[in-house]
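Biologist: Please bring the model up on the screen. I would like to go through it with you step by step.

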Amino acid sequence: MIPLTVLEIHEIGEVIRKVRKERGLRLEDLADDNISPATISNIERGVPHVNMEKTKYLLSKLNLELDNLPNLMVSEQQELEETRFELFKAETLLTIGDVEAAAEKLDRLDLEDSHPYASLAYYLKGKLFRTKQNWKRAERSLFNAIRLTNQSKQNNIEAASYNELSLCSFNQNDINQALKYVESGLDSYIENGERPIFKYLLRRNKAIYLEKLGRLGEAMQIVQEVWDSLWEIEQIETILSFYWLRADLLRRSGMLEDSIHYAKEGLELARLNRQYHSMFDLWTVLGSVYMQQQHWNQAESSFNMALKLTGKFEDEHKFTTTYARLGILYMHKRKWDLAKEVIQKAIRIGERKDVAPRLTYALQVMGDFYRKQEHYEDAIHFYQKALDIAKKHSYTKKEYQILFRLSQCYEKIDEQEFHKCLQNMYKVQQDLQGEEGISIEEE
């Protein structure tokens, strides 16, 4: 017998399911000593490894002949193609931001779990709920998508769903969990399967999470591994995100001239393709590099170029970092009123958008603003708020930095609190070094 393709297996299963439903039969009504309800369910869902003899047996129980299936399958294939096109339209609506229209279309389809495209429908529902920041429903839908991808791994819905789960965790400020999900996505990705973009999206997101966790070397390794195949990526936004990552990682590693090179190269590509989101990211990196070089005027003009993109894209939370860094620049130029104004903007955005890493940074910068003017009580207030967030989300390196700044303040006004800060710094440093305190690598 010629092996059946995955699509044919799905079509046979869908024909069987429809006939069973039309006759008002449950799985248990067809089960007997020779075939279990679980096997019937697997056949209907198109699980590829089900014994063909079991499928023939089930067809005979329904008085369906294998030779007569082609005519039924032509009709079924047409219905499947129509369903797939409806799901494509729903995904397109999500991409253009028409969330309600996408939700309405998915609700109308109302696919059962045994449907060949059920996993895709659950995945799209997960994306939809994530967009609405309904994290619980998003995660439930995405886990259902993963559960049902046993029907066909080739569509890479499992990898795509893990990517969405990682974004859910990241948006809830749980970077460690986000990293675990993205690694599961990479493990489940099928080469030469559908949705090849996720080969790169998963790697990019892994690099971002590693960067947020301070694991710069690992993040840069991923970027370098992808770089030579960058032009295989069809999505310009993803290509540009790797330019931003490379420029920012080089900046944080102190390789400033290389960072400028990749930031400018990315900016030209973003400009030609009108990618405002990427332009914003790259101008912010460029401003940050110039600030590290103490080229204050070039830094200020770069940050202002980034801020000219206000309203051009939806991710307002990113402005938190740009305003905070502009505040640092104004502090260096001793423009205190301007510094306070932009740092306050950074904090307001960070609080409104509930982005813990960026808000922690903005609060720390405001603490620096007051400390540099010897307003220690005000500085302590903002450092303490930043410290509370860092502790809550286990940002251990950030916690250590804030405790150091607090100790600088308390040294001037409260000796007892100063020594308490030093003790807490020691405890955090132990966490950073590991329980045994043994260095296994040269820093």
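Biologist: Which residue takes a positive phi just after H14?
Modeller: That residue is Arg274, with a phi of about 55 degrees. For comparison, most residues other than glycine have a negative phi, and most peptide bonds are trans. Before we continue, please note that this is a predicted model, in which local features need pLDDT of at least 70 and side-chain atom pairs count only at pLDDT 80 or more, while totals for chains, interfaces and linings use all residues. Residues are numbered from 1 along each chain as its sequence is written, and side-chain values use heavy atoms, with hydrogens and water left out.

Biologist: What counts as a helix here?
Modeller: A helix is a DSSP run of H or I with at least four residues, a strand is a run of E with at least two, and both are numbered from the N terminus. In this chain there are 22 helices and zero strands.

Biologist: How far apart are the end C-alpha atoms of H14?
Modeller: They are 24 Å apart, which agrees with the 24 Å that the 17 residues of H14 (256-272) should span at 1.5 Å a residue. The expected span is 1.5 Å times one less than the number of residues.

Biologist: Which residues of H14 are buried?
Modeller: Among them are Leu256, Ile260, Tyr262, Ala263, Leu267 and Ala270. Buried means under 20% relative accessible area, exposed means over 50%, and partly exposed lies in between, with a 1.4 Å probe and protein chains only. The cover over these buried residues includes helix H12 (216-227), helix H13 (236-252) and helix H15 (276-292).

Biologist: Is Asn192 buried or exposed? And Glu374, buried or exposed?
Modeller: Asn192 is exposed, at 77% relative accessible area. Glu374 also counts as exposed, at 58%.

Biologist: Let us change topic to H9. Which residue with a positive phi follows H9?
Modeller: Asn173 follows H9, and its phi is near 70 degrees.

Biologist: How many residues of H9 are buried?
Modeller: Of the 15 residues of H9, 13 are buried, so the helix is largely enclosed by the rest of the structure. Leaving out residues up to four places away in sequence, Asn163 touches Val182, Phe198, Leu201, Leu202 and Asn205. Contact means heavy atoms within 4.5 Å.

Biologist: At what angle do H9 and H11 pack?
Modeller: The angle is about 25 degrees, and the axes are 10 Å apart. Axes are lines fitted to C-alpha atoms, for helices over the stretch in contact, and angles run from 0 to 180 degrees between N-to-C directions. H9 and H11 are therefore roughly parallel to each other. Angles under 35 degrees count as roughly parallel, over 145 as roughly antiparallel, 65 to 115 as roughly perpendicular and the rest as oblique.

Biologist: And how do H8 and H9 lie relative to each other?
Modeller: H8 (135-148) and H9 (157-171) pack at about 160 degrees, with their axes 9 Å apart. These two helices are therefore roughly antiparallel. H8 passes H9 in a left-handed crossing, meaning that the near helix is turned anticlockwise from the far one by less than a right angle; clockwise would be right-handed.

Biologist: Which residues meet between H8 and H9?
Modeller: Those in H8 include Trp135, Leu142 and Phe143, and those in H9 include Tyr162, Leu165 and Cys168. The residues of this contact divide into ten nonpolar, two polar and three charged. Here Ala, Val, Leu, Ile, Met, Phe, Trp, Tyr, Cys and Pro count as nonpolar, Asp, Glu, Lys and Arg as charged, and the others, Gly among them, as polar.
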